[in-house]
Amino acid sequence: MQPASTPPPAVRCRSVQKHFGEGDSRIHVLRGVDFEARTGGLTFLVGPSGCGKTTLISVIAGLLDTTGGDVEVFGQTTEKLSGTERVLFRRKHLGFVFQQYNLLPSLTAAENAAVPLLAQGVPRREAFDRSRALLVKLGMESRADAFPNKLSGGQQQRVALARALVHEPRLIVCDEPTAALDHATGEAVMELLASSAVHPGRAVIVVTHDNRVFHFANAIAHMDDGRITHTEQRP
Amino acid sequence: MNFVALRMLTGDRAKYLGLIFAIAFSTFLLENQSSIFAGIMRRTGSQILDVTDAEVWVMDPATKYFEETKALKDTDLLRVRGVAGVDYAVRLFKGTPVARTAAGNFSQAVVLGIDDATLVGAPRTMKLGAWERLREPDSVVIDRAGYNLLFRGEPLELERTLEMNDHLVRIVGISEAGASFASFPIIHARYSEAVNFLGRERSQMAFVLVRPEPGLGPEELAQRIRQSTGLRARTADEFRWDCIDYYLANTGIPVNFGITIAIALIVGLVVSGQTFYLFTVENLKQFGALKAIGVTNGRLTGMILLQALTVGFIGYAIGTGMAALFFEYFGRQIATRNIILMWQNVVGVGVLMFLVVVVASLLSIRKVLVLEPAAVFRG
């Protein structure tokens, strides 16, 4: 039984397995992963390249199927959802921050940040108002109408962060958010992530091997060779 | 998401304009060539269209189209007149003598000899003069294009003379006859005079022009004439299509135009298909991000189709505009008069270009549908 003060796990993985290919070419990427991420904090998933971090967050986000084990996100077993239900679940409950930002080059910063709202069918004007307001909070007021190729790496990642937050998802998945940034910019982006994304009802999972930003973590799950080796809780 | 789709499309200016360019020129070529082809085919029967006084054409069974005729016997006219339901039937001579001007210019011409008494078959649209003046001795009416060919660069003027087979005739009218297939001058004269413009043959009558009595349809009258006389009787519309069918079956024109049309279609399909495919492939990362964010495959398909239909519509509109300008200009030139942009071709090419962009987008859609959204995490 958990202590009353401990928030419930937003994400719970039990004995999750994932392999690619068949026969002799089969590669086991996840070998029985047990993992939890709680709301109200930043959970880091760290480990060497190729240890299965990206595959694990893909499975958690419902972008990949498991080949064994259970994944629960806010009590919902994602494996039980149909393809369309999974897409709708992602649209409503998940936000993404990618290593390469993946902003649409022909949309302005405000338009890029509004994409999840547009995907939900929110009217364009309302979506742009909300994304613009969020960009103001993230210090991008003067760059809201700029196209991605006119933004620095740090500014692009802030737009990506706005895109991940604009529809107020319950789970945010960040894949190497600082990998393409210099240390100072990466630090600033992480500060922004910690201050704007962390919320009592929201879980944030950050995949990284940038140990310079580990001090932002509330929990760090260490991963190696397809397994979580240990998890450390931080104050 | 339609907004996002359109912004993605227009964001890459080079490919966007390339797609529009490919579809516009493909449309222009298809509409241009198909309309010119249809216009040339229409010319094979333009003299039939010009005759508004008769609804049934009677000819020797061996005559298959307007340009080459086997003469009827003089008694055939009487036999046709004897068929029940005939309001009137008059003879028509058709010959192709050489017409010479006093200045020495000459050209082969299509001479139509119309009934002396009724002038049935005379051109009704006159540019200068009056067709009724054909009753005057040694008179002819020539079409405007023929006049310009024989009297190059000179103003339209009556009373000029032409010589055909040692017969000197005066021009008493200039008509707006439909262009003939070979673009020869069209000369109308009275039957009794026209027969002298060629070397004398025993029989000269090429056609009998017939009008049914009121209340009787031309198809039924043509059927009666066939049964009663054994001659070939066709309604004006049937005979016009006979001419078109003859040229389609017996000349290389359809093959030549067909090859051009096929090339235009293939080039349009390949260029727009390849460009659209490249456009989608280069945006796969963005489509992957959209899939991860929660855009369904159905919505992405809709976005790609919207992009394809948008460039298709804009390209088609520009291409059709170019074709309209082309025909607006060349339709006013004498040599290419009556060759117009036909609405049937515009609609047909529209359907073809719709299929082209849909096929082009299907290749791209498949690439997006099989895209694993997790790929977006791979740097």
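Let's start in chain B. Glu159(B) sits in the loop between helix H5 (144-150) and strand S8 (161-164) of chain B. Keep in mind that this is a predicted model.

What stands out about the backbone of Glu159(B)? Its phi is positive, about 70°, although Glu159(B) is not a glycine. Is Glu159(B) buried or exposed? Exposed, because Glu159(B) has 9 C-beta neighbours inside 10 Å, and 12 or fewer counts as exposed.

Phe74(A) is not a glycine either, and its phi is positive, near 50°. Where does Phe74(A) lie? In the loop between strand S4 (68-73) and strand S5 (76-77) of chain A. Phe74(A) is partly exposed, with 17 other C-beta atoms within 10 Å.

In chain A, four strands form an open sheet in the order S2-S1-S4-S5, and the pairing is antiparallel. Which strands stand at the edges? Strand S2 (27-38) and S5 of chain A. Each of these edge strands has a single partner strand, so one side of each has no neighbour in the sheet.

Now look at one pair. Strand S1 (residues 9-20) of chain A pairs with S2(A) over nine bridges, in the antiparallel sense. For a landmark, find Lys18(A), which stands opposite Leu30(A) in S2(A).

Back to chain B, for a helix pair. Helix H2 (residues 13-43) and helix H12 (residues 343-369) of chain B pack with their axes 10 Å apart, at an angle of about 145°. The crossing of H2(B) and H12(B) is right-handed. Which residues make the contact? From H2(B), they include Ile23(B), Thr27(B), Leu30(B), Glu31(B) and Ala38(B). From H12(B), they are Asn345(B), Val346(B), Val349(B), Leu352(B) and Met353(B). By class, the contact of H2(B) with H12(B) has seven nonpolar, five polar and one charged residues.

Last stop: where the chains meet. How many residues does each chain give to the contact? Chain A gives 24 residues and chain B gives 20 residues. On the side of chain A that touches chain B, the elements giving two or more residues are helix H1 (53-60), helix H2 (83-93) and helix H4 (115-119) of chain A. H2(A) gives the most to that side, with five residues. By class, that side of chain A has 13 nonpolar, seven polar and four charged residues.

Technical notes:
Residues are numbered from 1 along each chain as its sequence is written. Chains are lettered from A and ligands numbered from 1 in the order in which they are written. This is a predicted model: local features need pLDDT of at least 70, side-chain atom pairs count only at pLDDT 80 or more; totals for chains, interfaces and linings use all residues. A residue is buried if 20 or more other C-beta atoms lie within 10 Å of its own, exposed if 12 or fewer, and partly exposed in between; C-beta atoms are placed from the backbone. Axes are lines fitted to C-alpha atoms, for helices over the stretch in contact, and angles run from 0 to 180 degrees between N-to-C directions. A crossing is left-handed if the near helix is turned anticlockwise from the far one by less than a right angle, and right-handed if clockwise. Two residues are in contact if their C-beta atoms, placed from the backbone, lie within 7 Å. Ala, Val, Leu, Ile, Met, Phe, Trp, Tyr, Cys and Pro count as nonpolar, Asp, Glu, Lys and Arg as charged, and the others, Gly among them, as polar. Two strands pair if DSSP finds at least two bridges between them.
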